[in-house]
2 protein chains.
Amino acid sequence: MTPGFLAVDSGGSGLRVVLGTAGGDGDDPRVLGRRASREAVRTGTRGIDPGHLLGQLLPMAESLRKETGVVRIGTVVVGAAGLATLGDALRAELPGALARDLGVRTVALVADAVTAYVGALGPRTGAVVAAGTGLIATGTDLERWYRADGWGHLLGDCGGGAWIGRAGLEAALRAHDGRPGGSAALLARAEERFGPVAGLPGRIYPRTDRPAVLASFAPDVAACAAGDPVAADVLRAAARHMADSAAAVCPRGGEPLVAVTGGLLKLGDALVVPLEEELAKRLPHARRTAAEGDPLHGSVRIASDLATGSFTLPGDEKMLWVTADPDG
Amino acid sequence: MTPGFLAVDSGGSGLRVVLGTAGGDGDDPRVLGRRASREAVRTGTRGIDPGHLLGQLLPMAESLRKETGVVRIGTVVVGAAGLATLGDALRAELPGALARDLGVRTVALVADAVTAYVGALGPRTGAVVAAGTGLIATGTDLERWYRADGWGHLLGDCGGGAWIGRAGLEAALRAHDGRPGGSAALLARAEERFGPVAGLPGRIYPRTDRPAVLASFAPDVAACAAGDPVAADVLRAAARHMADSAAAVCPRGGEPLVAVTGGLLKLGDALVVPLEEELAKRLPHARRTAAEGDPLHGSVRIASDLATGSFTLPGDEKMLWVTADPDG
């Protein structure tokens, strides 16, 4: 029987796992079973905690094997948020543990920006902007990977949800103070959502999920954009930042693809219309395309290609790290 | 003997206390003794902790009385950071406690933005920008108080130290990524100060004093401004924000004064030259003047004027709250 694969997407909202088998001869991989947990893998002093990840993944793998009848799992791909900077312990321990406990031969540890890329475009050249609360752009010419932004809400993530929400709240407070650049419409929205503005600092600074709180105001900015020039300017600036990041990672030559993926697209036309304009302006040589799938889909794609030996994407110590058990 | 006063400045770096006596007939107040602690008054679930403030202030008052021979303290003025939003417990408990333990008749609780104002301009109409890590502008027409900004590093404090440092680091990372708006000079400075930029998020996000860490990069931005147009633009934008806030609180008519106070002036000409230009542009009717003194000086001034009955500034429940013991 064909060996199966496990494809994993590990992020802030938990773990999602697929057990599948590779499609041969260019066929799509077959998804045989799915599991999900709502418990995000912990990050400790050693970075992402391998024990906590395995403690969730191994029982899921066991029950998926029983459910699907797939006896052997040859390949595991883990796409994880924070892998580039917080993945050392994972890289050190996961391959050995998976070989020992599941008999896995090939393990790939992949930054979530790369699973987002592959989920959106597959193994083709181009640029993908992943935009949710944060924002990161990933590109490849199939020789190496490029990234732009993804620095978090204080240092960048320019144009992402927290960035838009923060700019909207600043405009609300400018209106409150009588400073230039204010928006009475955003001020009214901010008071609806958070109460009197005098209490706003107390509602935001003590929280540990400040970026998410800021991002929760982004839909209000989008809702105001049709009638409010300040809100429209915030979204236009966000679109410009997104196009800047896409352009920084997109191959200069050829006919690369460009896609945008992530929850921020839910803001609708208020963002999407200026975004299409800015992308067309900054990347006239690139072909705009819709994302094929999400990061879990990217993880499945990488696993299937590794299993069939048709994997062509460039490796990268931090962003796409593949290891094959020499004793396997 | 003339009753004395205590003037207090309570902020992030601790408590500073002066015992003095009021000058009669327009004479300056006499400062007889000083104390300082390096322990910032705690903020708890009830806001600024009155017990923690009194636990430091009462022993200082006792030893100052012994040292100076001033037997009676009639007036206490406490200028405190965060008073407007976090001062409820202080307003509820401090006057009674000071009446009981020190026989004090008159207590004023004053926002640090107002002690900064009075320290800079005294009881005259105008606008004062207090700029350090954060930024707040305070103005008065002697009928009421006006404030602009002071919303903290995520919502505003536009043009303050954290704002300048954050903008400088963003420009450094833009250069690193190859996005527009980057500065190679700021990138080199950022790596000198914080190490390789890949580690920058890990150096900033886990800290509880993020605004101070961001502000620590502001001197680097100033140092680059002479040769680097991106750094110069950051400081020009900061100057514009400062002038915006000053203009929002400055009386429109008459000949108001305008002053800038706080640690940010240490950045020197790179900030001060564009700041003078922006203030002249935004407030042509206001007379620019140097700040007479610091917030503790403002607290002394308010205490002395209250003690002599020559206090003329407008009261404000949140910003300048004076209470006189009716049984005193």
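**A buried histidine and the chain interface**

Guide: With a relative accessibility of 17%, His153(B) falls in the buried class, for which the cut-off is under 20%. Please keep in mind throughout that this is a predicted model.

Visitor: Okay, where does His153(B) sit in its chain?
Guide: His153(B) is found in the loop of chain B that runs between β10 (145-149) and α5 (161-177).

Visitor: And what is His153(B) in contact with, apart from its sequence neighbours?
Guide: Once the neighbours within four places in sequence are set aside, His153(B) is in contact with Leu154(A) and Tyr205(A) from chain A, and with Ala162(B), Pro211(B) and Leu214(B) from chain B.

Visitor: How much area is buried between chain B and chain A?
Guide: The area buried between chain B and chain A is about 2,900 Å², and carbon and sulfur atoms give 63% of that. In chain B, the residues that lose the most area to chain A are Trp151(B), Leu154(B) and Leu155(B), which together account for 30% of what that side buries. In terms of contacts, 33 residues of chain B meet 33 residues of chain A.

Visitor: What about polar contacts and salt bridges between the two chains?
Guide: The rule finds 20 residue pairs in polar contact across the interface of chain B and chain A, both residues being at pLDDT 80 or more. The side of chain B that touches chain A draws its largest share, seven residues, from α5(B), and that side divides into 16 nonpolar, seven polar and 10 charged residues. As for salt bridges, the count between chain B and chain A is two; one of them joins the side chains of Arg179(A) and Asp149(B), at 3.1 Å from N to O.

Visitor: Switching topic: how many salt bridges does the structure hold over all chains?
Guide: Over all chains the structure holds 41 salt bridges. Among them is the pair Lys281(B) and Glu278(B), whose side chains meet at 3.6 Å, N to O. Both residues lie in helix α11 (residues 269-282) of chain B, three residues apart, or about one turn of the helix.

Visitor: Are Lys281(B) and Glu278(B) buried or exposed?
Guide: Lys281(B) is exposed, with a relative accessible area of 58%, whereas Glu278(B) counts as buried at 2%.

Visitor: Which residues does the salt-bridge network in chain A link?
Guide: That network links Arg236(A), Glu277(A), Glu278(A) and Lys281(A). Elsewhere in chain A, Arg301(A) forms a salt bridge with Asp305(A), the closest N and O atoms being 4.0 Å apart. Because Arg301(A) and Asp305(A) are four residues apart in helix α12 (residues 295-308) of chain A, about one helical turn separates them. Arg301(A) is partly exposed at 26%, while Asp305(A) is buried at 14%.

Visitor: Last topic, the domains: what does the assignment give for chain A?
Guide: The domain assignment gives domain 1 (4-115 + 294-324) and domain 2 (128-288) of chain A, and the C-alpha centres of these two domains lie 30 Å apart.

Visitor: How much area is buried between domain 1 and domain 2 of chain A?
Guide: About 720 Å² is buried between domain 1 and domain 2 of chain A, with carbon and sulfur atoms giving 75%. On the domain 1 side, Ala113(A), Pro314(A) and Met319(A) lose the most area to domain 2, together 59% of what that side buries. Across this interface of the two domains the rule finds zero salt bridges, but two residue pairs are in polar contact.

Key. Residues numbered from 1 in each chain as written. Chains lettered and ligands numbered in written order. Predicted model: local features only at pLDDT ≥ 70, side-chain atom pairs only at ≥ 80, totals over all residues. Heavy atoms only, no water. Domains from an automatic or database assignment. Buried area = accessible area lost by both parts, 1.4 Å probe. Polar contact = N/O pair within 3.5 Å; in protein donor to acceptor, adjacent residues only side chain to side chain. Helix = DSSP H or I, 4+ residues; strand = E, 2+ residues; numbered from the N terminus. Buried < 20%, exposed > 50% of the residue type's maximum accessible area, 1.4 Å probe, protein only. Contact = heavy atoms within 4.5 Å. Nonpolar A, V, L, I, M, F, W, Y, C, P; charged D, E, K, R; others polar.
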